Structures are given as structure tokens and as C-alpha cells.
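Q: Please guide me through this structure, one feature at a time.

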Amino acid sequence: MSEFLVNLLGERLVNGEKAEVDVHALGSKLSLLGLYFGCSLNGPCKQFNASLCEFYSKFKKSSEHKDKLEIVFISSDQDQKQWQDFLQEMQWPALPFKDRHKKMKLWNKYKVTSIPSLVFIDAATGKVVCRNGLLVVRDDPKGLEFPWGPKPFAEVVAGPLLRNNRQTADSGALEGSFVGVYFSAHWCPPCRSLTRVLVESYRKVKEAGHKFEIVFVSADRSEESFTQYFSEMPWLAVPYTDEARRSRLNRLYGIQGIPTLILLDTEGHMITRQGRVEILNDPDCRLFPWHPRPVLELSESNAVQLHEGPCLVLFVDAEEEGELEPAKELIQPIAEKIMAKYKAKEEETPLLFFVAGEDDMSDSLRDYTNLPEAAPLLTILDMSARAKYVKDVEEITPAVVEQFVNDFLAEKLKPEPI
């Protein structure tokens, strides 16, 4: 276990007393590691930090599992003095301030998109146990549910569900159906826009004879707002008053923002977290149930995924529909190989794959990242790290793409700033 943690965190951490902490000495009994992503200047981080300190102190004093848990702070502070002052409020170690490369690797590996964020991982393998530790701290202040691992969807959603005609249905009615778990709220304009599209998609899928259901998990600020919003929806909802069940579903899927649409297969296993993108890209629902595609054509609706981790983007000289197919076929075998490799390890793929033609979206991306005008142009863009990797060659072959990808994953490529 210590070898894995050294690879993940490095050999030395630091604490609030400016002392070094040997990663090898974190403890042989350690089974769960909380990665706490935050910043001293962020108000919600300051607020959560106080709650986490209280939680951690109680856990270490009274839990029978006290030796099995440790937390490590991963800061996005830019000022070392502010970072050091914030660290003095904590009872756990942190990554060294100057280790920006390892911090960014952890942000990307665990798909962190906002702060504060607390991700619990298996200390021996690095696999995510619970993506939304903020809700653990809030909902289980005594740590009684340690280690907060994922439970089957059917178990978490169990109980009565509402229809907008005020009738109820038991969650057992979902059995055998594909399910969309829809996290949304009326106060959120993008949510309301997606709901209008989703109503049409839901209707088309049902009319095509598929067993498909959606469960609305509200983030509304009042029951009145929930009732008004739910009146527009033809599917089911977790009762607004059942805050505990809504929170458990948020924890189960590590929801960090709304709208989010999680798509599940008939066994309750996740198909994709990107239901929103899939729905918007497939208005006729021809690709239902929307299994992840190895390679995507860059569009306004899926460009948000560029900010969720490193992305390979192959820019080509194509303006008409269908002209991107040869480019997709060129990189698809490599993308499929990467997806299969990480799926076998039960890990998320570390790289998304896109092809981009000649359009306003591609032009904006080139301008933003200061890429050359060449086409074809093979790139890997890491927006959160503000880094890019460019392979500007005359001919792009499958061998060139595979070597480029392998070198990136092996950290052999030198980044250029965006």
C-alpha cells in the first residue's frame, strides 16, 4: 500500500507545523484516504474546513476505525503564506505547496471540477470509494457509516416515488428499466432548458417501446419551487421532504453541479455521467441508451467536457457533415483500447477523444489555446492545468496517434502553456 501512496502523493507531505510527514509512515492500518481539494481564499472552503476539522477530530477520538482513515489537503492556493496559514487550521497533512504538477495530476485523475471537494479513495488501489465527501461530513457526523462505499442504486433509491399527479409508485417499479437519475432545480436556468429537451427525449424513447424511466432528484430551495418545477415533468421524483434519500443519491454519484443526468442500465449500473451531453447531441434518440462513444465530434453541447480532464483533439480540414468520419476512424481503435484498459481496472479513462472540423467552435478553441492553423493537427489539451501538447506533423497515422497518447500517459511529453 505504501508504494501506491508514494506514487500518488510523493514521499513527503507537510503539516501545519512545517514538519515533513513520511508517506510510508501514514500507517499500515490505513484503508481509506480523503483527498481534500480546496483554497484558503475560497469562502465555502473556509466554511467546510471548520466542519471537516470537527468531523476529523471526533472520528480520531471515538471511532473504532480511527487508524483506517487519513486526509490529505491538495491546495490550489497561489500564495504560500496564505496556504501555510490555512494549513495551520488543519489536523492532517498536505501536499507540499510547490508540488503543482502532482496537485494537477490528482485534480485530473479524480475529475475534480469545483472546490471544496473531498474524495474518499481506497488507500491501496486509488479507486474512488465516495466522490462527494462533503455530504458524508454533513450527513454522517459520527462516522457511523464508514467507509462510505457505494451501494446499489436500487438500495439507495428504495422507497416511494412521486408522480406529478400526486400519486405514488414504489421504487421497485424501476426494475428492468433503463433509468435516468436527474439532478436539477428550478432556480437554475440551464436546468430548465435541459428539462424542456429531456421531456421530448423521454417521450420519443417511450414511444419507441423502450423501458425507460427518469427519477428527478431536486436541488430546489423550497417545496413550493419543487412542486412547480415537477409539474412540468412526466416522470418520477424522490419526495422533496425525503432529504436523506436525496442526499444519499447525491453522494452515490458524487454530484458536483447541476444539471446532471446519470444514465443507468437495466441492472442499475452506470452507463454514463454525461446524460446531458448525450441528450443534447442526439435529439432523435437514435443512440439510446447512450453508451459512451470512444470518439466525439466537437460541438457546442459537448465542449464542456474539455474542462473535465485532458482531451485529445484531432483538428482536420472538414466543413461538411460526414467529412470527419475518416478522422474518427483513424483514432477510434486507440480510443477503444484506452477505454477498455481502464474499464478493466474499474477506473475512469484518463483521456477523452475528439475530432474537430472547420467551424466557429473549433476556431474559438484554437484561438483560446493559441494553436497553429495547421490541419491536420494532433493535440492534447488540459484546460484545468492550462497546458497543451502539440504534434504538428505532415501525416497523422494510427501509429503516430498511439505513440503520442502513450507518451502523454507516461508523462514523457513537455507541456506548453495555454
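Q: How many bridges pair S9 and strand S10, and in which sense, parallel or antiparallel?

A: Two strands pair if DSSP finds at least two bridges between them. Helices (H or I, at least four residues) and strands (E, at least two) are DSSP runs, numbered from the N terminus. Here S9 and strand S10 (residues 212–218) pair over seven bridges in the parallel sense, with Phe212 in S10 as the bridge partner of Phe178. The model is predicted: local features need pLDDT of at least 70, side-chain atom pairs count only at pLDDT 80 or more, and totals for chains, interfaces and linings use all residues. Residues are numbered from 1 along each chain as its sequence is written, and side-chain values use heavy atoms, leaving out hydrogens and water.

Q: Through which helix does the chain cross from S9 to S10?

A: A crossover is right-handed if, with the strands pointing away from the viewer, the path from the first strand over the helix to the second runs clockwise. The chain passes through helix H7 (residues 189–207), and this β-α-β crossover is right-handed.

Q: Which strand does S9 join in the antiparallel sense?

A: Strand S12 (residues 260–264) is joined to S9 by five bridges, and Tyr182 stands opposite Leu261 in S12.

Q: How many residues of strand S9 are buried?

A: Buried means under 20% relative accessible area, exposed over 50%, partly exposed in between (1.4 Å probe, protein chains only). In strand S9 (residues 178–184), six of the seven residues are buried.

Q: In what order do the six strands of the open sheet lie?

A: The order is S14-S16-S15-S17-S18-S19, with mixed pairing. Strand S14 (296–297) and strand S19 (416–417) are the edge strands, each pairing on one side only.
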